[in-house]
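Here's a quick briefing to read next to the model. Have a look at the structure first, then go through the points below.

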Amino acid sequence: MTSLLEVSGVSVSFDGFRAINNLSFHIGSAEMRAIIGPNGAGKTTFMDIVTGKTKPDEGRVIWGERSLSLLGLSEARIAREGVGRKFQKPTVFEDQSVQENLLMALRNRRGPFSVLFYKTRPDHLARVVELAEEIGLSDQLQRTSGELSHGQKQWLEIGMLLAQEPRLLLVDEPAAGMTPAEREHTTNILVEAAKTRAVVVVEHDMEFVRRLGCKVTVLHEGAVLAEGSLDHVTANKEVIDVYLGR
Amino acid sequence: MQRAYQGRNRSTVIFLVLLAVFTLTVTVLSEGVGNGMISTSFVKTLGKTLCLALVAISMDLVWGYAGILSLGHFAFFGLGGYMVGMWLMYERTREIVATSLADAPIPPTAQEVSDAVANQIFGVVGSAEFPLIWAFADSLAAQLLLVVLVPGVLAGVFGWLAFRSRVAGVYLSILTQAMTLALSLYLFQNDNGLRGNNGLSGLQNIPGLADVPQALVSVWFFWGAAFALGAGYLLAVWVVSGKFGSVLRGIRDDEARVRFLGYPVETYKLVLFTGTACLAGIAGALYYPQAGIINPAELAPIASIYLAVWVAIGGRGRLYGAVIGAGLVSLVSSWFTGGQAPDVPLGFYTIKWVDWWLVVLGLSFVMVTLFAPKGIGGLFDLLERRIAPDRHGADLGPDQGALREKEASE
Ligand SMILES: Nc1ncnc2c1ncn2[C@@H]1O[C@H](COP(=O)(O)OP(=O)(O)OP(=O)(O)O)[C@@H](O)[C@H]1O
Ligand SMILES: [Mg+2]
């Protein structure tokens, strides 16, 4: 399988502190991957680098069939290339309705003039309704999203992510603050998405990771400590020492 | 969105109806057309206020909706005034010169007329030649085009430089203020071709309308301003009500998030900054013929700060809030600073409003910012019983077992 995203030899320091240390990572175009690791391991920073928020000091980030380098592209451009991201703490536009949030995320032309003259089309609305159903917010479409519960915001953000139709989904701790039932639903959405696209999930909850049933990458101090099936990495002594055994 | 959309439609209809009623009332009571209960100078004040409301709308678009606290929009307003003022002054002076030279035994050449006009206009700054920037002053069409082009190009170049390097927040405000200061200092110079601190004057005399009394001209301008405000309001409603408005409010609330959705945030800011600068220019072009005079003091940074204060007091992020703020505060201001407000004798000290009004205004601004961030416009929410719900401390998930907000952020 050819890889969709290829990160190699990436390092980044913040004021002399190496948050990412010679990290390499790649993922295929229809693959699910879980990233685990202790607090401060660099999981979020890794996502920052891929999405263009943080510029690495060295290394390469190569994307897609055309082997495009993502370094030096703006965040917006990278997002348009097909990288979607869900943040650790839910970030939806609280002032706006669920529908407005989803419509804004819906894959479409992003330039100011096309957006200015954009008219809400029935098929777009239908897609929004469909997404809302998927994330269990059908009857909340007109609600201001600031009024939603934490779990619902998490889902709205997942819905926005799906609406973007990205080729790669980077999902940072999607299950935080969710009930067991909600977690299961989230797992299903992610597993479904991974059938047609690449999904990278950062999660602390081992049960959640187990249910994803995918290859696991363990990060520690900004580098890959172990990689393989969940059983394989959880049997690894180093992993137990730095992460599981705490 | 449906609900919000209807709300917006309703407020737009109410606004337009009120504007129409107001226009009609003033017309009927004016000296020029009606029974004369409202003096011509007050008609002008009201017409000017409508122009201020229009520039407040442009400020609200850029600040209230997109979160860019520009301290330069009143400078764009002034530039619009200068552009139309150049034609007004040129053409009016040419008329006068042409009439006086017409009696001469030998018909004057075009050059002689031009020299005489230049002498009239620039005599005060010790010059008798037309500077290059007056090249189009003889053409109304060209100067009207410049009313939008000059603020637009200045905002475009400035915005491109600033937004491209991701200057935002307070730094952007300071930068826009520096631009405004530089512009007004430049205009204060006597050799800049715009008559230095004398500014442009006699703008109330509209060329070709010498026989029409000011009482009538003032009503015409009042109508023009009312029409421009109505049209500008509709344009602004259109801009903010669709997806574009969603993106703008998104940029205001979390611009990084908007970027990760794939929207080129900097381009949006540039388009909005430039577009609203053009709108401000139009408002200024309608204002200064009613004011009669424009000078560099009008463009000073403080004017742009006032503009922000109006919008804040009126309620930013809603268009009628900007209109209310500009209308109310500017009218009350001119009442206090115009010497009409009676002094308050305290025995040991007499409060003279001319001196103290600014303090009152400043205090109200601070109070509004601290205690009523939605401004006067927020009162309408209370009326509609649409009090924002308290979002904190609520259960995070729909179920009992869900974590609470506090735990989740750990
Ligand atoms: N912008 C920044 N400036 C300075 N230090 C940073 C910055 N971003 C991240 N760091 C540091 O880099 C390290 C890695 O942080 P990161 O957020 O990637 O960890 P994480 O694996 O996501 O942890 P968690 O599980 O707590 O979310 C941390 O020590 C953090 O303090
Ligand atoms: Mg993290």
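Is A:Thr44 buried, partly exposed or exposed? A:Thr44 comes out as partly exposed, at 27% relative accessibility; buried is under 20% relative accessible area, exposed is over 50% and partly exposed is in between, with a 1.4 Å probe and protein chains only. Keep in mind that this is a predicted model, where local features need pLDDT of at least 70, side-chain atom pairs count only at pLDDT 80 or more, and totals for chains, interfaces and linings use all residues. Residues are numbered from 1 along each chain as its sequence is written, chains are lettered from A and ligands numbered from 1 in the order in which they are written, and side-chain values use heavy atoms, leaving out hydrogens and water.

**Metal site**
- A:Thr44 (OG1) and A:Gln88 (OE1) coordinate the magnesium ion (ligand 2) at 1.9 to 2.4 Å (donors are N, O and S atoms within 2.8 Å of the metal, or 3.2 Å for Na, K and Ca; water is not among the atoms, so sites may look incomplete).
- A:Thr44 sits in helix 1 (residues 43–50) of chain A and A:Gln88 in the loop between strand 6 (83–86) and helix 3 (98–105) of chain A, so the pair ties together parts 44 residues apart in sequence.
- Helices (H or I, at least four residues) and strands (E, at least two) are DSSP runs, numbered from the N terminus.
- A:Gln88 is partly exposed too, with a relative accessible area of 38%.

**Sheet in chain A**
- Four strands make an open sheet in the order 2-1-4-5, paired antiparallel (two strands pair if DSSP finds at least two bridges between them).
- Strand 2 (17–28) and strand 5 (68–69) of chain A are the edges, each pairing on one side only.
- A:Trp63 has A:Leu68, in strand 5 of chain A, as its bridge partner.
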